[in-house]
Amino acid sequence: YMKKRWLFILSIVLLGVVMRSTFTTIPVVIDNVANTFGLPVSQLGILTTLPLLTFAVVSPTTTFFTKRFGIEKTLLAALLFVLVGSIARIVSAPMLFIGTILVGIGIAFINVLLPATLVKFTPNKIGVYTSLYSTTMTLMTAVFQIIAVPITKTFSWQMLVVFITVIVLLVVVTWIAHMLVNTDPELDKAVTQTTHMTTRKINPWRNKYAWSLLVMAGIQSAVFYTSIAWVPTIAQRTGVTATQSGWVIGVLSLIGIPVSMWVPSFLERSSYK
C-alpha cells in the first residue's frame with residue numbers, strides 16, 4: 001500500500017533518466033572535455049570504463065548496506081553519491097576522474113536496489129515497472145546523446161553536466177518525498193530480511209544458469225559500452241560532424257527501446273521459471 005503512488009512512479013521514471021545518462025553522455029563531447037583539461041582523448045576513454053569497474057567492485061557490497069540501513073536509505077545515499085560525483089567532474093581534471101568513480105559507485109547501488117524496490121512496493125506489477133524504468137533509461141540515454149552537442153555548442157560541456165546534475169538533484173528530492181510519504185519501516189525490514197534469507201539459499205558460484213547469465217550480460221555490456229565510449233569519437237575522426245555523431249549513437253540506443261518495453265512484461269506473464 002502506498003499513500004502517493006504517483007510519487008513512487010515519478011521516482012522510478014526519474015531514476016531511469018539518470019541511471020545511464022550520467023556517464024554515457026560525456027563520450028559524445030569528449031573532444032571538448034579533452035581540450036578544456038589539456039588531456040589526450042585516448043586517456044579519457046577510461047571515463048566510460050571507470051563506472052563499469054565500480055559496478056564490479058561495489059555491487060557485491062550492496063547486501064551489507066541494505067541489511068544495516070534498509071533499501072530506501074541506501075538508495076538515497078547512492079543518489080547523493082551520483083549527485084556529488086556528477087557536479088565534481090567540472091572542477092578539474094583529477095576531479096573529473098574522481099567524480100566519475102563516485103557516479104559509478106552510486107549507479108552500482110541503484111542497479112541492484114531498484115529491482116528490490118519494485119519487489120517491495122509493486123510485487124504484482126514487477127514486469128510493468130521494470131519496463132517503465134528500463135524504457136526510460138534507454139530513451140533518455142539516446143536523448144542526452146542527441147542533445148549533448150547542441151547544448152555544448154550553445155553553452156559548454158560543463159553546462160551540459162550541470163543540466164544532468166540538476167536532474168539528479170530532482171531525483172533526490174523526489175525520492176526523499178517518497179520516503180517521507182510512502183515508507184513503512186516494518187515492511188522495509190521484512191523485505192530486507194526475506195531478501196537476505198533467499199540470497200543465503202542460493203550459491204551463484206555453483207549455479208550454471210548464473211554463469212550463463214554472467215557470460216551473456218558481460219558480452220552484451222562489452223558491446224554496448226564500447227560503442228558508447230568510442231563510436232562518437234571514431235565517427236568524428238572519419239568526417240562526421242559532432243552533431244551527427246550524437247545522432248548516430250542516439251539512434252543506436254533507441255533501437256533497444258522495443259525490447260526493453262516488451263521483455264519484462266513478457267517474462268512476468270510467462271509460465272516458464
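**View 1. Ile105 is found in helix H6.** Welcome to this predicted model, in which local features need pLDDT of at least 70, side-chain atom pairs count only at pLDDT 80 or more, and totals for chains, interfaces and linings use all residues. Residues are numbered from 1 along each chain as its sequence is written, and side-chain values use heavy atoms, with hydrogens and water left out. Helices (H or I, at least four residues) and strands (E, at least two) are DSSP runs, numbered from the N terminus. Setting aside residues up to four places away in sequence, Ile105 touches Thr54, Val58 and Phe81; contact here means heavy atoms within 4.5 Å. Ser59 is 46 residues from Ile105 in sequence, yet their C-alpha atoms are 8.3 Å apart in space.

**View 2. The whole protein chain has 12 helices and 0 strands.** From the N terminus on, its elements read α-α-α-α-α-α-α-α-α-α-α-α. Of its 273 residues, 47% count as buried, where buried means under 20% relative accessible area, exposed over 50%, and partly exposed in between (1.4 Å probe, protein chains only). When contacts between residues at least 6 apart in sequence are considered, 83% join residues at least 24 apart. The chain exposes about 14,200 Å², and carbon and sulfur atoms supply 71% of that area. Accessible areas come from the Shrake-Rupley method with a 1.4 Å probe; for residues, only the protein chains shown count as cover.

**View 3. Leu15, Leu44 and Ile110 touch the most other members of the largest nonpolar core, which has 64 residues.** The elements giving two or more residues to this core are helix H1 (5-24), helix H2 (30-37), H3, helix H5 (71-88), helix H6 (93-121), helix H7 (126-154), helix H8 (157-182) and H10. H6 provides the largest share, 13 residues. A nonpolar core is a set of buried Ala, Val, Leu, Ile, Met, Phe, Trp, Tyr and Cys residues joined through side-chain atoms within 4.5 Å. Zoom in on Leu15 and, beyond its neighbours within four places in sequence, you will find contacts with Leu75, Leu79, Ile110, Leu114, Val171 and Trp175.

**View 4. Gln145 lies in helix H7.** Gln145 counts as buried because its relative accessibility is 0%. Leaving out neighbours within four places in sequence, Gln145 is in contact with Thr24, Val28, Ile228, Gly246, Ile249, Gly250 and Ser253.

**View 5. Ala148 is also found in helix H7.** With 0% relative accessibility, Ala148 counts as buried. Its contacts, apart from neighbours within four places in sequence, are Thr25, Val28, Val29 and Leu160. Thr25 is 123 residues from Ala148 along the chain, and their C-alpha atoms are separated by 6.8 Å.

**View 6. A search of the whole structure finds 1 cavity of 30 Å³ or more.** About 60 Å³ of space lies in the largest cavity. On a 1 Å grid over the protein atoms alone, a cavity is a set of points where a 1.4 Å probe fits but cannot get out, and lining residues have an atom within 4 Å of a point. Grid points are joined across faces, edges and corners, and a volume is the space filled by probe spheres set on the points. The lining consists of Pro27, Ile30, Val41, Leu44, Gly45, Leu47, Thr48, Ala229, Trp230 and Thr233.

Methods:
1 Å grid on protein atoms, 1.4 Å probe; cavity = no way out; pocket = protein on both sides within 12 Å on 5 of 7 lines; lining within 4 Å.
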